[in-house]
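Look at the sequence and the fold below.

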Amino acid sequence: MDFLKLIKEAGNIKRKLKEVEEHLSRQKESITHKGISLEINGKGEILNLAIDESLCQNKGALERTVLEAVNRGTQKARDMQKKALQKITGGSDFPDLPFMH
């Protein structure tokens with residue numbers, strides 16, 4: 001493969017990855033878990049968080065439940081990232097891309 005073609009292809013890949021990242025920032029999922037509701041985007045950023053008042057009685061239970069809900073949301077974000085990447089790679093996986101953490 002000639003060098004100029006390789007550089008051009010790298011530029012195309014970079015552009016597609018930027019498009020995927022922008023798409024993921026707009027894609028949202030809602031998660032409800034044991035009285036905790038949160039909304040997360042495809043980049044893994046938590047956009048909204050709501051906690052049922054009944055959970056505020058027990059600090060330890062609240063902390064555990066928040067962590068569980070956030071972890072579920074993070075997994076949903078990873079799933080969205082994987083799905084978006086598979087669309088542009090024809091099903092290939094590329095772990096450790098900048099927005100997949």
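**The sheet and its helices**

β1 and β2 pair in the antiparallel sense, joined by six bridges. Two strands count as paired if DSSP finds at least two bridges between them. Strands (E, at least two residues) and helices (H or I, at least four) are DSSP runs, numbered from the N terminus. This is a predicted model, in which local features need pLDDT of at least 70 and side-chain atom pairs count only at pLDDT 80 or more, while totals for chains, interfaces and linings use all residues. Residues are numbered from 1 along each chain as its sequence is written, and side-chain values use heavy atoms, with hydrogens and water left out.

H33 stands opposite I36 in β2. The hairpin of β1 and β2 has two residues between the strands. K34 lies in this loop between β1 and β2. Its phi is positive, near 50°, in a residue other than glycine. Is K34 buried or exposed? K34 counts as exposed, at 57% relative accessibility. The cut-offs for relative accessible area are under 20% for buried and over 50% for exposed, with partly exposed in between (1.4 Å probe, protein chains only).

Now move to the next pair. β2 and β3 run antiparallel and are joined by five bridges. I40 stands opposite I46 in β3. L38 stands opposite L49 in β3. These two strands, β2 and β3, form a hairpin with four residues between them. G44 in the turn has a positive phi of about 90°. K43 also sits in the loop between β2 and β3. K43 is partly exposed, at a relative accessible area of 27%. The C-alpha atoms of K43 and T74 are separated by 8.8 Å, although the two are 31 residues apart along the chain.

Follow α2 itself. Helix α2 spans residues 59–89, 31 residues in all. It reaches 45 Å from its first C-alpha to its last, close to the 45 Å expected at 1.5 Å a residue. That expected span is 1.5 Å times one less than the number of residues. At its start, a side-chain oxygen of N58 reaches to within 3.1 Å of the backbone nitrogen of G60. Just after α2, G90 takes a positive phi of about 70°.

Which residues of α2 are buried? They are L62, T65, A69, G73, A77, M80, Q81, A84 and L85. The buried residues of α2 pack against α1 (3–26), β1 (28–33), β2 (36–41) and β3 (46–51). Contact here means heavy atoms within 4.5 Å.

Finish with the two helices. α1 and α2 pack at an angle of about 145°, their axes 10 Å apart. In this packing, K16, L17, V20, H23 and L24 in α1 meet M80, Q81, A84, L85 and I88 in α2.

Terms used: A polar contact is a pair of N or O atoms within 3.5 Å; within protein, one must be able to donate a hydrogen and the other to accept it, and residues adjacent in sequence count only if both atoms are side-chain atoms. Axes are lines fitted to C-alpha atoms, for helices over the stretch in contact, and angles run from 0 to 180 degrees between N-to-C directions.
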